[in-house]
Amino acid sequence: MATFRLQGSKVLAVSLTGDAVKAKNGSMVAYDGQMAFKKMSGGGEGLRGMVTRRLTGEQMEVMEVRGQGTCWFADRASEINLVSLHGDKLWVEASNLLCTDAGLRTGTTFTGLRGGTTGNGLFTTTVEGTGQAALLSDGPAVVLRVTPQYPLQVDPGAYIAHQGNLQQHFQSGVTFRTFMGEGGGEAFQIRFEGDGLVYVQPSERNTIGGDV
């Protein structure tokens, strides 16, 4: 299995010993040793995945990197966050997924009605299995715990990913900017209930369906 390690907070070094990883297309910044790069269609899910992503608008361009040596990845100086999976599932916005172990399965799942973020829609990328995934964030990501006693409200523009036994509910709400008279339309929030973790970034994407 590939070995993931951070060099600083914005560069991911992946050591390969004949195995492979799937990474965001164009994110390789350097490598040593012998590496082979192959563009994968449909986010690495084949023809069915490519058709699904075109229908849902969940954009994900992926390349497979295989070989012996070390490969370094980065994307627009974004912060990188490592997540270890142990047979569980991670839900993540496609634009925030940098790299995964090749053995992790990726897919697309319906997440409900909401004010979708630019480039994303009503669907979210899933990653499941055993291995590591590297997530991107605009600024250092914060991991927030959700318990049955303490549900969590999240701005869709700040949402990155979540894992655990969580239920999502998309609802209209009032944000601080809307309260101050700076909002331009109906605002949406994501409410998480259950037991799990939610990853958020300290910077909001541009959104559609109203300022959030």
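Author: A nonpolar core is a set of buried Ala, Val, Leu, Ile, Met, Phe, Trp, Tyr and Cys residues joined through side-chain atoms within 4.5 Å. Buried means under 20% relative accessible area, exposed means over 50%, and partly exposed is in between, with a 1.4 Å probe and protein chains only. The model is predicted, so local features need pLDDT of at least 70 and side-chain atom pairs count only at pLDDT 80 or more, while totals for chains, interfaces and linings use all residues. Residues are numbered from 1 along each chain as its sequence is written, and side-chain values use heavy atoms, with hydrogens and water left out.

The largest nonpolar core has 17 residues. Those with the most contacts inside this core are Leu12, Val14, Val21, Val65, Phe73, Leu98 and Cys99. Two or more residues each come from β2 (11–24), β4 (62–73), β6 (97–101) and β8 (123–137). Strand β2 gives the most, with five residues. Helices (H or I, at least four residues) and strands (E, at least two) are DSSP runs, numbered from the N terminus.

Take Leu98 as one member of the core. Leaving out residues up to four places away in sequence, Leu98 touches Leu12, Lys22, Ala23, Lys24, Ser27, Phe73, Asp75, Ile80, Ala134 and Leu136. A contact here means heavy atoms within 4.5 Å. Apart from this core lies another, of 12 residues, with Leu90, Leu97, Leu104 and Tyr199 among them.

Leu136 also touches Ser78, whose other contacts beyond four places in sequence are Ser9, Lys10 and Ser137. Ser78 sits in the loop between β4 and β5 (79–92). Ser78 counts as buried because its relative accessible area is 16%. Gly33, in strand β3 (residues 28–40), is partly exposed because its relative accessible area is 45%. Beyond four places in sequence, Gly33 is in contact with Gln68 and Gly69. From Gly33 to Thr70 the C-alpha distance is 6.8 Å, although the two are 37 residues apart in sequence.

Next come the aromatic rings. Rings of Phe, Tyr and Trp (its six-membered ring) pair if their centres lie within 6.5 Å; planes under 30 degrees apart count as stacked, over 60 as edge-to-face and the rest as tilted. The structure holds two such pairs. In one of them, Tyr159 and Phe192 are stacked, at 5.9 Å centre to centre with 25° between the planes. This pair links distant parts of the chain, with Tyr159 in strand β11 (residues 159–173) and Phe192 in strand β12 (residues 187–200), 33 residues apart. Both Tyr159 and Phe192 are buried.

As for the whole chain, there are two helices and 12 strands. From the N terminus on, the order is β-β-β-α-β-β-β-β-β-β-β-β-α-β. Of the 212 residues, 48% count as buried. Among contacts with a separation of 6 or more, 80% join residues 24 or more positions apart.

Finally, there is the predictor's confidence in each residue, pLDDT, which runs from 0 to 100. The chain averages a pLDDT of 82, and 74% of the residues score at least 70. Over residues 113–121 the pLDDT is below 50, and this stretch has 33 contacts in the model beyond near neighbours in sequence. Over residues 207–212 the pLDDT is also below 50, with 27 such contacts.
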